[in-house]
Amino acid sequence: MSLTDLAVETTPVATSSAAGPELVQLLTPEGERVSHPDYDINLTDEEYRGFYRDLVLVRRIDIEATALQRQGELGIWAALLGQEAAQVGSGRALRAKDFAFPTYREHGVAWCRGVDPLKLLGLFRGASNGGWDPQEKRFQLYTIVIGSQTLHATGYAMGIQKDGAVGDLETGEATIAYFGDGASSQGDVNEAFVFASVYNAPIVFFCQNNQWGISTPTANQTRIPLYQRARGFGFPGVRVDGNDVLATYAVTRKALDDARTGQGPTLVEAFTYRMGAHTTSDDPTRYRLATDLEAWKLKDPLERMKAFLYKQQIVNADFFSELDHDADELAARIRKGCLEMEDPSPLSMFEHVYDEMTPLVREQQEAFSTYLAGFADGHTTGGHA
Amino acid sequence: MTTLTIAKALNEGLRKTMEEDSKVVIMGEDVGKLGGVFRVTDGLAKDFGDDRVMDTPLAESGIIGTAIGLALRGYRPVCEIQFDGFVYPAYDQIVSQLAKMHARSKGTVKMPITIRIPFGGGIGAVEHHSESPEAYFAHTAGLKVVACASPVDAYFMIQQAINSDDPVIFFEPKRRYWEKADVDVTATPESLWKARVVRPGTDATLVAYGPMVKTCLDAASAAEEDGRSLEVVDLRSLSPLDYETVFASVRKTKRLVVVHEAPSFVGLGTEIAARVQEELYYEMEAPVLRVTGFDTPYPPSRIEEEYLPDLDRVLHVVDRSLGF
């Protein structure tokens, strides 16, 4: 690469969201199907409707959880508002045996993997630190330390190699690691790129560039477009319109298939926008303009898919009213489940510290149990009133 | 009976686990072709292949982080951190992820990972090659921490640590790597989590682990010439800590001196002192005393023998204990 190439590539493309050869898009914000030389998909009407259904339900879960937090039922919630297409597109590209390593915001991928939304809410409510079996759903527990999971995903992918489960398109397995633009600065993410590249591991690094790391814009994380980072490590990088569910599906599927057939890692940068706050504890009005939001509203992932369905005339009024009904039911179930969610017992904190409990932990559990039992009012619920 | 150095005993123990369980994989810097900078993994890559004995990139956090992923896939990784002072880049993966994964998953995810770390000083090295970081790990719930002090323990403890389904930080006393002893490899080992009385005595108990066990044994031999009978306890397991063995010894001798290279402030000696005094307050003839490194960064190696507890420093403190 010559110095001239470098000069061209260091123009501030990082924040450019204009579609072009560098941004894979199959569905415009207005709902028009466009083609791309390297990516194509052939879906049935049922599958198109299925994507829209997923987008609507995922958004509804997110809105419901945000409301529950505002009502004091969750301690905090990390909303994925605006990122539904990036997560549903990539989530639906995964095969049953593929393993996903999320951050703490991939509720849309959790949905695709069949993880009950109430399990996610349990974490944010403080009822658990991760309430599902990762092996059962091939969806790792949420990782809160930024970027850590990219190493776990890489190790898992190395395990797939050792099992000989790489090479064949039909039977090969792949791993996907989710992380954000902020995380791309972390040492662990870069170490994951190193390990994945030198071992040629079957992994897709899926970066949702939602333009913000809390209040820090992507320009403070990188000088070049993030998908170009991969080149430095020796594997392909591709930027996809993260608000285009069809394009994210197509790009992720190809990357996963490249991984499972032994071609090694790919970095997929899903260019999207965090329409909500970092979490419910955040106040974005302190660092970004409403006008930015307005511009991105025009690129809404649901609106363009809805427009497409209408234009293709593959939906009728019943479809939407049934979907609304399903969304309402889902929201009601989540609400009820959240309000009824039990706190863990105080003594449960001593369980599972180790596979083989130690005498010290057992001793503390027994002493604490005796202590709690000594309260005259039979108060055994621990600290909270 | 075979005569083995600690390094060779570790090598043999590693070989045995590799033979018995195809899911055991060794990973670390220079562990493959070179056989490790201390040759502890010598010959293993040749016999088991580089799929199972991996020369990793130079990235400690990466080594432990990918090991976590391998464990999720059903493997039993044995990671090597080349020197004690280089474990810190991996510290976040160890305490935030490895230690907590089992509890976070309510027991559904197991982390059967062993992290081998040569530790301690006395080898004339430059900075970061002579640290004693065991307290940082013993203080972290979810980790188990052990330290071998002899060839027989090296041979069996490494196998037991690898076969444990809990994450084990396995400290190896690098200044003792070349010390030899006879090892009966057919013997049935005792529990990994038990301390051992390595020399019986009656006047005071010395508790130590890793490189200081030999120092304490030497001190006890010297003390014997002065008519003092010192009992030496090798802790072996730092977390969980075998208090029963320590209590039994101190009940007998009434005096305890803890010896470790690590600095005094908030070192393992503080936990042992607090616990023993809580349990045996009325039975003791002297408070628990400690012989430790100073609360300074490890010094340049030309004066490291001034920093490290040695036979004289141990006996000096034993005198203090006996003087109460």
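Mentor: One definition to begin: axes are lines fitted to C-alpha atoms, for helices over the stretch in contact, and angles run from 0 to 180 degrees between N-to-C directions. Keep in mind that this is a predicted model.

Trainee: In what order do the 5 strands of the open sheet in chain B run?
Mentor: The pairing in this sheet is mixed. Strand E9 (196-199) and strand E14 (289-293) of chain B are the edge strands, each pairing on one side only. From one strand to the next, the twist averages 30°. The order is E9-E11-E10-E13-E14.

Trainee: Which residue is the bridge partner of B:Arg199 in E11(B)?
Mentor: E9(B) and strand E11 (residues 230-234) of chain B run antiparallel, joined by 3 bridges. In E11(B), the partner of B:Arg199 is B:Val232.

Trainee: What angle does H12(B) make with E14(B)?
Mentor: Helix H12 (residues 311-322) of chain B lies across E10, E11, E13 and E14 of that chain. Its direction relative to E14(B) is about 160°.

Trainee: How many nonpolar residues has the contact of H8(B) with H12(B)?
Mentor: From H8(B) come B:Thr215, B:Asp218, B:Ala219, B:Ala222 and B:Ala223, meeting B:Leu311, B:Val314 and B:Leu315 of H12(B). By class, 1 is polar, 1 is charged, and the nonpolar residues number 6.

Methods:
Residues numbered from 1 in each chain as written. Chains lettered and ligands numbered in written order. Predicted model: local features only at pLDDT ≥ 70, side-chain atom pairs only at ≥ 80, totals over all residues. Heavy atoms only, no water. Pairing = 2+ DSSP bridges. Helix = DSSP H or I, 4+ residues; strand = E, 2+ residues; numbered from the N terminus. Contact = heavy atoms within 4.5 Å. Nonpolar A, V, L, I, M, F, W, Y, C, P; charged D, E, K, R; others polar.
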